[in-house]
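Let's take a walk through this model, one region at a time. Keep the viewer open and follow along.

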Amino acid sequence: THPINIAIDGPAGAGKSTVARHVASRLHYIYVDTGAMYRAVTCIALDRGMSPDDEAGVGQLAQTLDLVLLPGEDGQKVLVDGIDVAARIRSHEVNRNVSRVSAIGAVRTRMADLQRRMAQAKGVVMDGRDIGTHVLPDAELKIFLTASPRERALRRYRELGDGAGATLDQLERDIAERDRMDRERDIAPLIQAPDARLIDSTGRSIEDIVDEIVDGGLAAA
Ligand code: C5P
């Protein structure tokens with residue numbers, strides 16, 4: 001059978017990256033975490049002392065940044081000028097600023113361009129916010145993955161290791177705020193594509209959802 005492209009979009013903490021990684025491994029596809037790209041731009045912008053509201057500066061930075069994603073054994077590597085920033089892009093600072101950086105048109109244009117190139121040969125599982133709607137509108141299979149706000153906060157809490165100092169309520173508020181900004185931005189906002197299959201992961205195991213996508217979704221695609 002010919003390889004296809006699979007787009008997995010949805011709000012923060014819905015389990016997209018875990019599910020996407022498992023789907024890719026089951027199908028021997030390549031997993032592309034597009035959130036990591038927006039996080040990398042944010043991280044470098046902050047390193048250079050730029051404000052996330054400096055549209056011209058951050059836009060210019062995104063245009064020229066040497067950004068490479070490498071699927072690795074222990075997770076995806078994110079190389080900026082050849083240096084792996086994967087560990088640094090999950091910081092609280094990046095979390096707090098990434099939605100503002102990713103609302104910048106020039107940033108989105110460059111990222112979408114790189115993402116389309118990665119998907120050219122097919123056989124890619126790409127997760128993000130606008131993959132099914134903007135980056136790969138022709139993806140053969142589109143999933144919109146959600147979960148209740150509480151469950152999404154709880155996952156983030158466990159990911160961080162007992163919240164890493166943050167309370168569950170704080171994490172839930174942070175996630176809600178990031179989702180609001182992602183949904184309300186003018187360019188390529190977070191929204192379910194009309195032809196995407198809606199999956200609510202609340203109370204379900206990863207395996208169960210991966211099965212639904214690989215067995216159910218793929219058969220229909
Ligand atoms: O998926 P993750 O939570 O790592 O994404 C971080 C942020 O990157 C999102 O909150 C959103 O602002 C941005 N993003 C985006 N478009 C994508 C993927 C991520 O705007 N396709």
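Where is the place of N5? It sits in strand 1. Before going further, keep in mind that this is a predicted model. Is N5 buried or exposed? The relative accessible area of N5 is 5%, and because anything under 20% is called buried, N5 goes down as buried. Leaving out residues up to four places away in sequence, N5 touches A119, K122, G123, V124, L136, A139, E140 and L141. One of these neighbours deserves a zoom: a polar atom of the N5 side chain lies 3.4 Å from the backbone nitrogen of G123.

Now step off the end of that strand. P11 lies in the loop that runs between strand 1 (5-9) and helix 1 (16-27). P11 may be in a loop, but its relative accessible area is 2%, so P11 is buried.

If you want to see how P11 and K16 meet, look at the backbone oxygen of P11, which lies 2.8 Å from a polar atom of the K16 side chain.

UniProt, in an unreviewed entry, lists G10, P11, A12, G13, A14, G15, K16, S17 and T18 under "binding site". Of these residues, A12, G13, A14, G15, K16, S17 and T18 are included in the lining of the largest pocket.

So what does that pocket look like? About 950 Å³ of space lies in the largest pocket. It is lined by 46 residues, and the closest to its centre are S17, D33, R39, R90 and R156. The elements giving two or more residues to the lining are helix 1, strand 2 (30-33), helix 2, helix 4 (92-101), strand 6 (124-128), helix 7, helix 8 and helix 9 (206-220).

Helix 7 is worth a look of its own. Which residues of helix 7 (residues 149-159) are buried? They are R152, A153 and R156. Looking down the axis of helix 7, you'd see these buried residues fall within an arc of 100°, so they line one face of the helix. What covers the buried residues of helix 7 includes helix 2 (34-47) and helix 8 (168-184). After helix 7 comes G161, which has a positive phi, near 80°.

Finish in helix 8, where L171 has its place. L171 is buried, at a relative accessible area of 7%. Not counting residues up to four places away in sequence, L171 touches A153, R156, Y157, L160, G163 and A166. For a sense of scale, L171 and V101 are 70 residues apart in sequence and 20 Å apart in space, C-alpha to C-alpha.

Note on methods
Residues numbered from 1 in each chain as written. Heavy atoms only, no water. UniProt positions renumbered as here; feature names shortened; annotations may be inferred. 1 Å grid on protein atoms, 1.4 Å probe; cavity = no way out; pocket = protein on both sides within 12 Å on 5 of 7 lines; lining within 4 Å. Helix = DSSP H or I, 4+ residues; strand = E, 2+ residues; numbered from the N terminus. Buried < 20%, exposed > 50% of the residue type's maximum accessible area, 1.4 Å probe, protein only. Polar contact = N/O pair within 3.5 Å; in protein donor to acceptor, adjacent residues only side chain to side chain. Contact = heavy atoms within 4.5 Å. Arc of directions from axis to C-beta. Points joined across faces, edges and corners; volume = space filled by probe spheres on them.
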